[in-house]
Amino acid sequence: MTGPRVMGIVNVTPDSFSDGGRLATVEAAIAHGMHLVDQGAAILDVGGESTRPGAEPVAAAEELERVLPVIVGLRARWDGPISIDTLKPVVARAAVGAGAIMWNDVSALGASPDSPAIAADLGCDVVLMHMQGEPRTMQADPRYGDVVTEVRDALVHRAEVAMAAGVPRERIWLDPGIGFGKTLAHNLALIRRLDALIDTGFPVLFGASRKRMIQAIDPSATDPMDRLGGSLALALEAARRGASILRVHDVRETVQALRIQAALAAESSLD
């Protein structure tokens, strides 16, 4: 299948907004990851600290205890790319040592002054995500003058910081951070103008799976598990606009939707 790669989410946290606590054991998390691979995930993203609005920080030792056995177990069963979703450089270093090849950082390597240099030393791919504020407070009252320009410029700046520390440009990905310190209007503007990030020349990772913006549009979707339709619509729109990776919970359905989208595009090109 051409088009964006699908990244499957493997949350090993008790308090994630959508599936917190569901993967309570290492064995369950590994089994879930392999199930996502069977469904078509090209990348697995393992996270041990929730970054939902209002989430409290987790100690590094606890985060390591959650994620390392899962990464080791997945690597023993699968040779595909594994990403570590963390803002802590000590966790990223240990995860890469265990077999991860990508560091997905919601702080865009900004949580620690050592993060850019450590990312360079690790030699892994790095996802720089935009977030206004921190998880505990980011949705309190997010404000921008021009959200698209400000998010783009902030991410390009963080990419420049990373490259100055020695991270190769070709290893840097940008993520607009849908739902991270943004209102519904901000999120919609970023999706409509995803080209502003695409035009920077950096590949874009997009994640809006099961997020609260779907409930803001459809008030009946109070349960994150009831947001599949909205998640697919957002994923397809991001794919249409040029995203290179889609980070999702519902892998099988997203892969199927992308296949239909690709088939329709191929047919139209024959007209």
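Visitor: What makes strand E5 count as mostly covered?

Guide: In this predicted model, five of the five residues of strand E5 (residues 125–129) are buried, where buried means under 20% relative accessible area, exposed means over 50% and partly exposed lies in between, with a 1.4 Å probe and protein chains only. Strands here are DSSP runs of E with at least two residues, helices are runs of H or I with at least four, and both are numbered from the N terminus. Residues are numbered from 1 along each chain as its sequence is written. Local features need pLDDT of at least 70, side-chain atom pairs count only at pLDDT 80 or more, totals for chains, interfaces and linings use all residues, and side-chain values use heavy atoms, with hydrogens and water left out.

Visitor: Which residues cover the two faces of E5?

Guide: Asp125, Val127 and Met129 are buried on one side, and Val126 and Leu128 are buried on the other.

Visitor: How do you know that E4 and E5 pair?

Guide: Two strands pair if DSSP finds at least two bridges between them, and four bridges join strand E4 (residues 102–105) to E5, the two running parallel. Within this pairing, Asp105 stands opposite Leu128 in E5.

Visitor: Why is Arg66 called buried?

Guide: Arg66 has 16% relative accessibility, and therefore counts as buried. Arg66 belongs to helix H2 (residues 60–77).

Visitor: What makes the approach of Arg66 to Glu62 a polar contact?

Guide: The two side chains come to 2.7 Å, and a polar contact is a pair of N or O atoms within 3.5 Å, where, within protein, one must be able to donate a hydrogen and the other to accept it, and residues adjacent in sequence count only if both atoms are side-chain atoms.
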